[in-house]
Structures are given as C-alpha cells and as structure tokens.
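This report goes through selected helices, their packing and a few individual residues. The sequence and structure come first.

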Amino acid sequence: MFLDSTLPHLDVVHNVARRVARDADHADDLVQETFLRAFSAFESHDRARTRSWLVAILLNTARSDGRRSRVRAGELLVADVPEHHGKDDVGDAAVAAGERAAIVAALAAIPEEQRLAIVLMDIAGLTAQEVADTLGCPRGTVLARVHRGRRKLAAHLERNGMRP
Amino acid sequence: MIHDDAGLAAFLEGDVDAADAAEWDDHLLSCDECWSALDEARRGREMASSLRESAPAALRERVSAVFVNVPRPGRPRRRIATGAAMALVVAIVAATAIFAAVQESGGFRDPEPVAVVLRLAADRDGPTPPEERGVRITRLNVGGRDVVLARSDDPFPMPDGAIALADDPHSPWLAQRGAVSLLCFSHPDPILLAGQASPETLTKVAVALGISVPGRNQTGASGVPSG
C-alpha cells in the first residue's frame, strides 16, 4: 500500500523540505505535493529506493515551484527556528534557538552543491549512495562535496564562537 | 589516500571495508593534515545533524488524510467514478498546496466557463443531454478566479481552432472560447479545465493536479507517467 511504503520516510522528506523551502508553510506544501506526485507514479518506481525516490520528487517539485514563485530552492531563512517544546527553561531554549539559527545561516553561506549534500546526508539521513542516486552523480562526488561542506560549516561557526 | 576528501568522508561515515579502515587508521596517526580535516568535518557533521527534526503530527495527518479511501494507483478501474473520486481529492488538495486561495465549489461566481464546458459536452454525439452523461463539475478558486474542473465518462470533443500539445491521438489540447481558455486531457480519463485565465495558468493548475502536460512535466522524477 502506498502509505505503508512512503509514510515511514516522512521525516526524511520533511527535513529536506525544511531546508529548501522559504518557510515552514511552504515546506509543508512541498511535502504534500511530493506525496501526491509520488502517488501517481507509485506503481512504476523501484521499491528498493523509495526513500531516495521521494527525495528526488521533492527536489524537482521545489525547483519547479521555485521557478514559479521566483524563490530560489535552497534559499534559507535565518529566522527558520522551530518552536521550543521544553519545560520551562527559557534560557536554554533561547540558546538552542540561537544556535540553530546560526547553523542555518552558516549552511546558507556555503556553496549550493555542498549544502545540498549536507542537507541530504546529515540532516535528512540519506546514505552517500542514496544521495548519488537522487542527484544522479557518482558516490565519490557526493562524499567529496559533503566533506568540504562540513569543514566550511564548522569553520564558519567556529569563527563565530560556536563549537560542538 | 592523502588529501582524499571522498575517502575521508567515507571513513567518517563508516562506509569503508575493514582493510581500508585499517589503512586510514594508520595514515591518520601520522598525518596531522588529514587528522585535522577529519576532525573539522566531524564537527561540521555534528552541527548540521543538530537541525534534524521529526515531522509534525499535523503534517503526518495532512499527508495521510489525502489517501484515505483512495484506490491503489494502477489498479484497473471499472468505472470512471473511481478515478474521478481520486481526481477530486487530488484536485482539491494539490491545488491547495500550490495556490493559497483555492476553495471547494459552493456556487459559481463566474458562469461563463461552466457554460463553455456544457456547450462543448453538448457537441458530442448521442441523444442524451450532457447533464445525463455524467459531466461532473468542480469549481476551483485559483488566485481569486474560477477554474472549472469537468470530468466525464466520455471524451470531450476537440473544437475547431484547438491546438494539440503532442503528436498523439490522445494528446491534450488547448483552445480558446471568447475569454475562456480550455485545457483538455482524454487519457486515462477525460478531464477538462476551463476558466477565464491564461493557458499558462491552466497548465499550472494541471501540473498542480499531478497531470503531466507535454513539454511541461516539471516533476522529472523517474516513473512519473506522462499525460
């Protein structure tokens, strides 16, 4: 069944959408449209690659939507910080929100191909091979991009006083 | 191996075989440059992965709700009504995803597209009036304008002056009747979009509905069927 096969990958799709959409509402719309498009082609897709197939649809949807709305896929908002659902430690929440905003801003500052590799591997959790399948490029290229992107991300954040 | 970015990333991912892992271990003990690069990449990975989050429950419900009671795609359909039910669900939700102001029908503010659709349906051969042939109409409000989504058991005839979008007997076609643009698909089920909007807008609506338009298939993912 369609949902049995695809819904377990909702977190992956959601995480990619959050990093390529202009805001949270747009991300939800992209996810919705991704599943609708996937539904229409579900019977013909390779069941062994459902996760990377969904991500490929999402990225194509974001690109075509970006062309329509003139918002570039991959554009990230510094204020893109989720609500904190902790108990009552407002100070920690503020620090966490600030750190997330700093990471999002740093991510936006690195080259797009490297940023996309990081989004797909480190944030969405795809393997290098799945990213290679999704983007249609060699696995070694994906690994090199993610490596360079990670180093730039760390260097950028550490210049601004952040260190994990 | 030295300064091999892809190799270092594979090692960090644990995506190397035992022999390569041992070789990297040895190399890293004696190469400060690679050790430093690996450490920096590890920190970058840790920072990036801190952005990972779970999909909100509301999004899970929104995605799931669309497919409740929808037949499995690809299964042979005995009647158009099954596909039409799916098309209606997909139409409303997909259009909502793209156009913020889409509303389900509740009276037509603009009767002209409906009139054009019914006149076109009446041009078909057969003794029965169009309303008895199962022409089902849904209004979509796209950017404040009515766009009529008409579904039928029988194909809509291609009017004079219509332009086929592909060299195919089942090709979608575009036509203009006064201020009303028409975009029609006959395969797998007859669907006609009509509205006082540009052909470009109707094409966008079709794409939003998951209907592939020749030359305008924007999904591009493998396996997406053509119109």
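Helix 8 (residues 139–159) of chain A packs against helix 3 (residues 32–49) of chain B at an angle of about 80 degrees, and their axes are 7 Å apart. Because angles of 65 to 115 degrees count as roughly perpendicular, helix 8 of chain A is roughly perpendicular to helix 3 of chain B. The residues of this contact divide into eight nonpolar, two polar and six charged. The model is a predicted one.

On the side of helix 8 of chain A, the residues involved are A:His147, A:Arg150, A:Arg151, A:Leu153, A:Ala154, A:Ala155, A:Leu157 and A:Glu158. They meet B:Ala37, B:Glu40, B:Ala41, B:Arg43, B:Gly44, B:Arg45, B:Met47 and B:Ala48 in helix 3 of chain B.

## Helix 7 against helix 8 in chain A

Helix 8 of chain A also packs with helix 7 (residues 128–135) of chain A, at an angle of about 110 degrees and with the axes 8 Å apart. Helix 7 of chain A is thus roughly perpendicular to helix 8 of chain A. By class, their contact has six nonpolar, one polar and two charged residues.

Helix 7 of chain A contributes A:Ala128, A:Gln129, A:Val131, A:Ala132 and A:Leu135. Their counterparts in helix 8 of chain A are A:Arg139, A:Val142, A:Leu143 and A:Arg145.

## Helix 6 of chain A

Helix 6 (residues 112–123) of chain A is largely enclosed by the rest of the structure, because ten of its twelve residues are buried. The buried residues are A:Gln114, A:Arg115, A:Leu116, A:Ala117, A:Ile118, A:Val119, A:Leu120, A:Met121, A:Asp122 and A:Ile123. Just after helix 6 of chain A, A:Gly125 has a positive phi of about 90 degrees.

## Helix 3 of chain A

Helix 3 of chain A covers residues 24–41, and at 1.5 Å a residue its 18 residues should span 26 Å. The C-alpha atoms at its ends are 26 Å apart, in agreement with that expectation.

Most of helix 3 of chain A is covered, with 14 of its 18 residues buried.

A:Leu54 lies in helix 4 of chain A. Its relative accessibility is 0%, so A:Leu54 counts as buried. Leaving aside residues up to four places away in sequence, A:Leu54 touches A:Thr6, A:His9, A:Val13, A:Thr34 and A:Ala38. A:Leu54 and A:Ala38 are 16 residues apart in sequence, and their C-alpha atoms are 6.9 Å apart in space.

A:Ser64 is also found in helix 4 (residues 50–69) of chain A. A:Ser64 has a relative accessible area of 1% and is therefore buried. A polar atom of the A:Ser64 side chain lies 3.0 Å from the backbone oxygen of A:Thr61.

## Chain B overall

The secondary structure of chain B consists of seven helices and six strands. From the N terminus on, the order of the elements is α-α-α-α-α-α-β-β-β-β-β-β-α.

Chain B has 227 residues, of which 45% count as buried. Among the contacts in chain B with a separation of 6 or more, 47% are accounted for by residues 24 or more positions apart.

Methods:
Residues numbered from 1 in each chain as written. Chains lettered and ligands numbered in written order. Predicted model: local features only at pLDDT ≥ 70, side-chain atom pairs only at ≥ 80, totals over all residues. Heavy atoms only, no water. Helix = DSSP H or I, 4+ residues; strand = E, 2+ residues; numbered from the N terminus. Expected span 1.5 Å × (residues − 1). Buried < 20%, exposed > 50% of the residue type's maximum accessible area, 1.4 Å probe, protein only. Polar contact = N/O pair within 3.5 Å; in protein donor to acceptor, adjacent residues only side chain to side chain. Axes fitted to C-alpha atoms, helices over the stretch in contact; angles between N-to-C directions. Parallel < 35°, antiparallel > 145°, perpendicular 65-115°, else oblique. Contact = heavy atoms within 4.5 Å. Nonpolar A, V, L, I, M, F, W, Y, C, P; charged D, E, K, R; others polar.
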